[in-house]
Amino acid sequence: METGIVESFGNGTVLITGSTGFLGKMLTEKLLRSCQVDSIAILVRSKKGLSASQRVTEIYKQALFDRLRCEKPDFIESIRIIDGHLGESSMGLSSSDREWLIDNVNFIFHCAATIKFNEPLDLASKINVQGTGNVLALASQMKNLKGFVHVSTAYSHCPRSEIKEEFYDVPITAKELKNVFVDEESTNKILKDWPNTYTFTKAVTENMIQTNGNHLPISIFRPSIIGCTKSEPEPGWLDNMNGPTGLVTGVMVGFLRTVPNIGSNITDIIPADYTVNALISVMWDTVNRHKQSNGVNKVPKIYNYVSCVESPLTWGRYIREMHDQYYVAPPLQSMWYGFYILYTNFMVGSILRFFLHRIPGAFMDLLLILCGKSPKMLRMYAKTEKMIDLLYEFSTRQWTFDNGNTRELWSSLSKDDREMFRFSLEEFDWKPYIKSYYYGIRRHVLHEDLSNVEKASSKNQMLLWLHQMFMVLIVYILLQLFWACIKFVF
Ligand SMILES: NC(=O)c1ccc[n+]([C@@H]2O[C@H](COP(=O)([O-])OP(=O)(O)OC[C@H]3O[C@@H](n4cnc5c(N)ncnc54)[C@H](OP(=O)(O)O)[C@@H]3O)[C@@H](O)[C@H]2O)c1
C-alpha cells in the first residue's frame, strides 16, 4: 500500500528553490507545518546588500509564518540556507554546500524563476532555462533523490488555444537559445508567437526537461494564475500585486479607471494554498510513480493546475464581486472614487486612457507643482499602463485546458490526505473567496486594517460627490461642444 503524503516525506531532506518568493514561502511553511520533513534546504541569493541569511531572517518574521511559529516555535532549526544564484555557473554554490546537497537531498521543488513578463530574453533565459539546467545537473548527481517537481506555468504554451498535459514543440532548444546572440531586435524573431520572455523561457525549459531530464524522477507542475489563499495559513493572504491583484488594487484606490478585459471571458485564478497542496501532492505522486516503475525511465508527467475545468470564474464576476466589497469597505488611501471602464480594443483603450488617466494626471501634476512638489502622476500612469499592456493577452484571451492528470491525482488521495492537502476545485465557492481576496488586498497590499472602515467610507462618500460633480461638468461641456458643432454646420 502507498504511504500517505505526510509520511512520504518522513525524515527526508527537501531542497526548495525560490523559497523567498510568493509560492516558495507558502510551500516552505506548509511542508514544515504539515509534513514530517527532517530538514529543508533553501537556495537563496544575496540581494540589495543583504546576505542570504539576513534575508531569510526577515522573511520568517512575516505574518505568513505566525501559525507555524505558534505550532513549531523552533522551525528555523530545520532550515538550511544555501547561498546560491540560479543563473551562475554551478549555481554559485560553495563546494561544501554542493557536496551536502548531493549527499542529502531526497526531494526537489524547483520554484525559482524570473516571472517578469518583460525581462530581457538573455536574462530570462539565464535564470529560467539555464538555471533549471543547473538544477537538473545537480539533481543528476544526487545519491538519494526520490522526486523532483519543476514548477512551470499553465501559459507556457499560450500561443495555443488548447493546452493539454503534454509536451509541445518549441521554436528553439535550450542549447540553441544559450548560443544565440540576443538583442532587442532579435528577441521578437526568437519569441515567434509568444507574447513575453517569461512564458517563452518556461516553454523552452519544459522542452529541455523532456529531452534532458527523463532519467530523473521528475514531473512538471503548471499552475495558472495564483491568487490569495483560501484558508491556510489564513484566508486572503497574499504579498504581491501580480496579475489581476494589481489591476484590482489600482481600481480600488481610484488610480486606474480603465483596464483591458472581456467580462464574459474565463479568468483562471487558483487559490495559493490549494496550489501548494497540489504541488506537494504532485511530489507524492512523482515519488510513487518512480517507485512503481522500478527505476525504468518514463516521460515526465505534466499536471495542469487550473480552475476553469471544474469551477470556471469569469472576469466579469471576479471584478463585480470585488467591487461589491469596495462599497462596504473602501480603502482610506483612495485618491478618487473607484470606478472602471473595460476595453478590449487597443485604440479604444488609448482614447479612454487619455481622458481617464492622462488629463486627470496632468491636472494633479499641475496641483503638485503649484504646491511646490515634484510632479509624478503622469510618470506613474505611463509606467503602470506599460505594465498593463503586458497583461493584455492574459486579460482578453481565454484558453481551454485539460487537467486529467491533476483530477486523477485528486481521486487517488486518501480521505486524510484530501483533508490536509485539499486542492480540488470541484464546486468551488468563489463568493467567499473573492470576498477574502478583497480584504486580503486591503490588509496585506494596502496595509489597512478594518479599524478605519468608518473613516474610509465617509471619505469615499465625499469622493463620490466629487466624482459625480465632475461627471456632470464633463457631460455639460460635451453637450455645449455638440451644440456648437450643430450650430456651426447648420
Ligand atoms: N504567481 C503566479 O501566479 C504563478 C503562476 C504560474 C506559475 N508560477 C510559477 O511559480 C514559481 C514561483 O512564482 P512566484 O509567484 O512565487 O514568483 P516570485 O514571488 O517572483 O518568486 C520567485 C522566486 O525565484 C527566486 N529567483 C529568481 N531568480 C533567481 C535567481 N537567479 N537565483 C535564485 N533564485 C532566484 C526569487 O528569489 P529572490 O527573492 O532572490 O528574487 C524568488 O524566491 C515560478 O516558477 C513561476 O513561474 C507562478
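## Overall shape

What share of the 490 residues of the chain count as buried? In this predicted model, the answer is 40%.

The fold is built from 18 helices and 15 strands. Along its principal axes, the C-alpha trace spans about 85 × 50 × 45 Å. Why does a radius of gyration of 24 Å agree with a compact globule? Because a compact globule with 490 residues would have a value near 23 Å.

Take the contacts with a separation of 6 or more: 84% of them are between residues 24 or more positions apart.

## The nonpolar core

In soluble globular proteins, nonpolar side chains tend to be buried together. Here, the largest nonpolar core has 109 residues. Within this core, Leu27, Phe109, Ala139, Leu279 and Met283 touch the most other members. Helix α11, residues 272–292, gives the most to the core, with 10 residues.

Let's look at Phe109 on its own. Leaving out residues up to four places away in sequence, Phe109 touches Val14, Ile16, Leu27, Val149, Leu279 and Met283.

## Around the ligand

Now find the ligand in the structure. It is surrounded by 25 residues, and the closest are Gly18, Gly21, Leu86, Ala112 and Ala113. By type, the shell divides into 13 nonpolar, 10 polar and 2 charged residues.

Which elements each supply at least two residues of this shell? They are α2 (22–34), α6 (121–141) and β8 (225–226). The largest share, 3 residues, comes from α2.

Technical notes: Residues numbered from 1 in each chain as written. Predicted model: local features only at pLDDT ≥ 70, side-chain atom pairs only at ≥ 80, totals over all residues. Helix = DSSP H or I, 4+ residues; strand = E, 2+ residues; numbered from the N terminus. Rg over C-alpha atoms; globule rule 2.2 N^0.38 Å. Buried ≥ 20, exposed ≤ 12 C-beta atoms within 10 Å, placed from the backbone. Contact = placed C-beta atoms within 7 Å. Near = placed C-beta within 6 Å. Nonpolar A, V, L, I, M, F, W, Y, C, P; charged D, E, K, R; others polar. Core = buried A, V, L, I, M, F, W, Y, C linked by C-beta atoms within 7 Å.
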